[in-house]
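Thank you all for coming.

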Amino acid sequence: MGAINEIAARLLETGEAKVVIGYGEGSFGSVRPAFARNQEEAEKLIYDKRCTQNLAMYVYKKEISPLRKLAIVANVSTLRGIIRLASENQIKNGDIITLYINELGEVIECKALSEIEICLAEITPEIKPEDKELIDKLDAMTPQERWNFWISEMESCIKCYACRQACPLCYCTQCAVEVNQPQWIPVAANTSGNLEWHITRAMHLSGRCVECGQCGEACPVNIPIHLLPIKLAEEIKNIYGTVSGMKIQESNTLSTFKPDDKENFIG
Amino acid sequence: MENDFEPKIVAFVCNWCTYAGADLTGTSRIKYSPNVKIIRFPCTGRIDFMLLLKAFSNGADGVIVSGCHPNDCHYTSGNFHARRRWVVFRTLLDFMGIDINRITFTWVSAAEGAKWAEVVNTTASKIKELGPYEAYRKITNEIWES
Amino acid sequence: MSKIKKLSKESFPLLIKKISETQHVYGPVSQGKRISYQRISSADELASDFIIPDMSAKSFVFPKIEKLFSYTKNKDGVEVQDINLDNIPHRVVVGIRPCDAAGMESLKAIFSWDPSDPIFETRLKRTTFIGLACNQADDYCFCTSLGGSPGDTKGSDILLTKTDTGDYIAEILTSKGEKIVTLAPDLFQDVEGDLQKEKFLANVPKRFDNSDLQNKINAAFNTDVFDEYAMRCMGCSACAFVCPICACFDIQDETKGSKGQRVRLWDSCGAKLFTLHTSGHNPRETQGARWRQRLMHKFSYMPERLEVRGCVGCGRCSRRCPVDMNIAESLNQLIIDN
Amino acid sequence: MTKLGFYPGCSLEGTAREYNESVMSLATLFDIQLEQVPDWNCCGATAAHNLNKILSLSLPARILAQAEKAGMKEIIVPCAACYSRLSVTQHELFENSELKKQVEEVMDMTLSSPIRILNVVQFIQEFILPHLSEKIVKPFDKEVACYYGCLLVRPHDILQFDRLEDPQTIDRIMEQLGAKPIDWPFKTECCGAGLSVSRTDLVAKLSGKIVKEATERGAKAIITACPMCHANLDMRRSAINSYLAKKYDVPVLYITQAIGMACGLNNKQTGIYRHLVKVNN
Amino acid sequence: MARIGVFICHCGENISATVDCAKVSELAAGLPGVVYSTDYKYMCSDPGQSKIKEAIREHNLTGVVVSACSPRMHEPTFRKACAEAGLNPYLCEMANIREHCSWVHEKGDATTQKAFDLTRTLVEKVKNNHPLESIKVPVNKTAIVIGGGVAGIQASLDIANGGHQVILVEKQPSIGGHMSQLSETFPTLDCSQCILTPRMVEVAQHPNITLYTCSEIESMDGFIGNFNVKIRKKAKSVNEKLCTGCGLCTTKCPTKNIPSEFEQGLANRTAIYVPFPQAVPNKPVIDRANCRYFLTGKCKVCQKLCPTGAIDFEQEDEIIDVKAGAIVLATGFEIKNTDFFPEYGYGKYKDVINGLQFERLASASGPTQGAIRRPSDGKTPEKVVFIACAGSRDPAKGIPYCSKICCMYTAKHAMLYKHKVHEGTPYVFYMDIRAAGKNYDEFTRRAIEEDGAKYIRGRVSNIYEKDGKLIVRGADTLLGGKPVEIDADMVVLATAAVSCDGSESLAQKLHVSYDPYKFFAEAHPKLKPVETNTAGIYLAGACQAPKDIPESVAAASGAAAKVICLFSNDELTREPIVAKVNRMPPPIFSTCMGCEMCISICPYQAIDKENITNRNGEVIKTIAKINPGLCQGCGTCVAFCKSKSIDLEGYSNKQVYEEVLALLNN
């Protein structure tokens, strides 16, 4: 029995958590999100290299959040998701026990959100090399080539909203895309509507995205949709020096400003 | 053909600086291209980026966004927030290959009637040169043509 | 009554070429990481060596956006323009998987059920499916558990089975299939004796026993078996949209100035909004209830009303699920528990 | 042994040979190896930027590029004019990428990142001062007028030399040698600079004021760090004296010479035997 | 179903010369929802307005679009007309077909088409307008005046004399400000204290004025008519109620060598002190930073001496909560000290002084009883150099603006010097003489012509000391830049007037904007010179920009008039163009998720949290709430809100969206 199972079992037994959100064996050698509500389920939790999914979105999911206190098995991206959710008041100190598994495989039990911040202070977040490569490739293209690339991707989008559902920060009860007075974004999954949806999503994540790439992972038609918020996160890091999901009291980049902010295009 | 093209350009402007500046252009009888039509907002901070998308998906060939110069905002900081919003939005549009040359961001104060005329004329002639925004029209019209 | 012919590997591209002279031809095309049914002009464009396209073939008869009629608003009211069915194109789909083709039967049952849907009917009538039997499968495939097979002819107008030489066994199944043959009769060779089609098919093991599935699933309605699913399912619509049969739709008006059109769009029972009332009440309150609806609809309500199941075992929903909601596993569990 | 890049420039091989000698002797004494920038060229001095902007930037830029090529992280530039040109050029080029591109094209070399350019005062502060007290054998026990001139301290935005109008650094160094720096107002007064050759009469007037003021305020030596200042105050002393109609014999020392003297170096090593105004040890 | 009326104005020929108004009217009549459309020569005239009123009644209109001039011109006119006809004024919109169309385009179809496009756009907007009621907020008729210099005194007295309560907050132990330090004032040379001290006393005695000295603003919230302000009243260590102001304590204080702030360091004071003899209130305070008891724990001499037992070493800072309807900012200015000038010796020469120090030297109540003696050795200076523009108008020093008062007071200084030292020579280095003002130029001419001040147009490059003299080196630009050297005995720098230390943080506390030099920003440089962008907060005096006494007093009276005007109503009526967070039935309550990012984006701190509770009082949800009293309707939060949970009346999402669509789709 690994440390994660022991801790989960203890938290459930003492009643410190009603449910432990973690990973379990999935279909055919994959892993899936798993929920331990009792000793038996706690024994089935796993943690290994395959556990890259960001589970933070389960924290506010309607079927789970009433069970708070929760415990959650966390990798770095889950940690950042939780911190960002705390920044936006979606979770409070004491709502959640975070079981962070560090690079050495040690389980660090964070009961207070500040303890997560301490864990994150050790980490310099970096985007995946393959994402960086694709972003660089796109940056090197002409605008026309980029347009062709993205339009061909947008044509494939079926507006299933897996990207939104998988995102740790898309917690709105009513998403902007669901607003129909006015109907900002068409319901139909046509190309321009899809484009508007993905631009809106990326904009709404700007300054907030924790760069987990979960939206791209979730896409059933393999659109690299995570590149949009990640590209913005990188740019925001470069321009404003802010990184989301590292500290609770972080500046909200798009809802704050400095009078001497730079730009080079406003005439 | 080039000369026949009359672009559709929407200007999103704030009430206190650019709208007033455009009023001054009128009072000063400075002529400019009729291709640009103004929609009035209280502040650049009010201008939702989604409106720019709606403009393009409804056939605009170009867009102007204009408000008070930094430090001159009637509401003290709406334009500062807008500035960050446009920095990010423009980065995103460029990354997606949307033609950012079709969006003019500018500050025009209530005193800059002549500047408004110049902004309009420069934008109009630039968009005329770029031609109709066919690429965007193609994706918005697909649903109407089939 | 089917006829069996042989189509050599050299003849296959010629056949595609011949058909595309008069009709639009579609087939699985690879585009980056994605494989989808796309318009092709030659056989070279077809993807090879894959299990199944990412999206099912249902969009040929039930596209993600279907215009139902258009209208113009004027000062006095609204003027409606009906859709012209003549504009619906004749199409040939090459390389459709047997499960996708079998799904057409279920779709037909849905759209032809009182009243019959003329747009769907016309699309189906004008589409010829040249199926390709599966010579490979993965763990997610479970057509055999639901009475299908990698070489199932259901729904196809012609079914091709690729042999070890690369030549194809061609089963001409319908009059639409016959029409294809008449386009290039020389390409199809007559055959003698049993070509042992089964030899070239993939092995798809049975995952569960489907006998009495409907009753067993009904019995599970009020059990807590769905609790874990309620937690795990994140409520996107990926499963429904990739499914060859899911046919729930939304009706919307798209407007542009004074013009407008009413469109039919894919929808999904997995989405919270699907059943949300204006009042804020949602009769399917939890994700568990929605997942249950998905299973019930496919394996209980559809058999009850339409005498077809809503699932052909293609496994797409499970492959594409971001949180590994495995439908076969779920069915299996229901069968064991009940 | 500390190894540092070194750019002497023309003065240190000509009229200011004694400056070079004192710098080199100090380096040896403090176990520092000064390595010349390979194939160095003219810094453009005070003339080039009046005539041709690109040339005036390209000349120093080439020196910087050569230093960078040789892997130097910092260069010591004792001549204040050279120091000024190199620093200003580096600042301008790294502020203005357009200009940088233009200059790189002219010299057919590139500059990747700024290097540290140290004047003699900074060099002393960083490499000499930490070990100075142990080396002093004969404290420089005299009133001195520290004279900074213009090139070390201006433009202030770029060079950031301590206090613009009343600089202090050399005074503080001289204090460490045991000297008593006088408070005087002409620390950055104009010496006449390049007019030395064309309008010696003006230099006599301008430098004369400096020599007179220093003497009247009790200075026994004027301490400088610029070959140009030194030339005007020392070499033009006869012109000064005839203009002022009085014999002023206050000697002018490079700061490196003053340190050398305090550390017991001989006249040959400090180069003071070359001065026109005699130095009494 | 919408019933819209469209009214196209010819504006004489201003519009009709290039726009075919009849055609626009005809096209508008064909728009869905438009039930009445007409054109008329002057829509804003009485008959024009009557047409609108008649149409509203006759056609039962639900919305009105007037296509005419800029709404910035006539929107109130037409809204009023609509209201008179019984239509909610906010159901009236204007399309600007004059400034934005007829005046800027040539006559032709394109211009007429544009006029119609603009009209159509506003028709679609007005279909989505809602009837709105103006917002009423009560007015608390107490004003807070921050700063007790001449501007603050004037504003306080004016408001108090108007019958309203005033709370005057002064940072220093006494009111009076810089004016109380001045010797005589230009251009009349009347004694500054003689004219100021009666006003100071009036403040102290006024029944409507409450004075807090040694006090600063701790925090402020609320909005016009309803400010809540916390004032920190610093411990004076003297019980004001017991103290009779006899001054005995100050005579025996053992710490006597503290440079006096009032005397600009030219004289010393004790640790328990009254800043100057005419101080108001005239009661001492203990300067704890210098008091021996507070430094060493021993002394208490003053306590032993005090006949009333007023000395209270235990006294603590007091936080006073006050409510007010208006705030007047009158925090004044400061001047740069001589150490700001490296070229003039970094402040190290004792005889290089600033203008305020000279005022003290020249003042009859000053350290020298009005005799001009230089600080270093007390000698009477024979040559005095006055340098105008010391720091001012010098972008390299970061002060590009003109300090405005220096030309005049430098002339006054030269004059006062000459009056007191007849044999002395005043030199004045200047850039330009700016003497615009009543009797101002005459005054400077008098200084030059009658009192013989030697004016040299040029800058001073540096100053150094030699043999007890200050060598001032400069250039005379009127003599072709000829170098000038003057061996002066004293130099007076007319140093730049700058904003007060702490004005930035005060502005942030009050949510008032400020310029790059930290002077408070007026709402409009021409038309709203005493208002700030925060409603209910006004500016008086030099906290807005350098000002002389008459200007400061005028601004103060202006600000007071604004306050009295505000206080003349029991309620304030505000435009209902404010943002709102949506509310809906349970279980959703609101689509607001309470991320609170709008709180940081609001320029007015108008957004707060609101807890939604169930019947048991448990919090179910926390959402944003916008205070309509504070909201100014900029809409920045609306555009930012991700879930579209905030909307802005008058510029709602639906309205602007329909405008964009209508503008582009014809």
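**Two domains in chain A**

The centres of domain 1 of chain A and domain 2 of chain A, taken over C-alpha atoms, are separated by 25 Å; please keep in mind throughout that this is a predicted model. As for where these domains lie in the chain, domain 1 covers residues 3-121 of chain A, while domain 2 covers residues 129-255. Their contact draws on 17 residues from domain 1 of chain A and on 15 residues from domain 2 of chain A.

Which helices of chain A each supply at least two residues of the side of domain 1 that touches domain 2? They are α3 (76-87) and α4 (113-121) of chain A, and α3(A) gives the largest share of that side, namely eight residues. If we sort the residues on this side of domain 1 of chain A by class, we find eight nonpolar, six polar and three charged residues.

Let us now step back to the chains. Seven pairs of chains touch, and among these the pair with the most contacts is chains B and E. In that contact, chain E contributes 35 residues and chain B contributes 35 residues. On the chain E side, the elements that give two or more residues are α4 (98-102), α5 (109-127), α17 (636-640) and α18 (653-664) of chain E, with α18(E) providing the largest share, seven residues. By class, the side of chain E that touches chain B holds 17 nonpolar, 11 polar and seven charged residues.

Chain E also touches chain C, in a contact that takes nine residues from chain E and six residues from chain C. Here the chain E side has six nonpolar and three polar residues, and no charged residues.

Other pairs do not meet: no contact joins chain B and chain D, whose closest C-alpha atoms lie 22 Å apart, and chain C and chain D do not touch either, with their nearest C-alpha atoms 39 Å apart.

**A hairpin in chain C**

I will finish with chain C, where strand β11 (residues 249-256) and strand β12 (residues 259-266) run antiparallel and are joined by eight bridges. To pick out one of the pairings, C:D253 has C:R262 in β12(C) as its bridge partner. The hairpin of β11(C) and β12(C) has two residues between the strands, and in this hairpin C:G257 takes a positive phi near 60°.

Methods
Residues numbered from 1 in each chain as written. Chains lettered and ligands numbered in written order. Predicted model: local features only at pLDDT ≥ 70, side-chain atom pairs only at ≥ 80, totals over all residues. Domains from an automatic or database assignment. Contact = placed C-beta atoms within 7 Å. Helix = DSSP H or I, 4+ residues; strand = E, 2+ residues; numbered from the N terminus. Nonpolar A, V, L, I, M, F, W, Y, C, P; charged D, E, K, R; others polar. Pairing = 2+ DSSP bridges.
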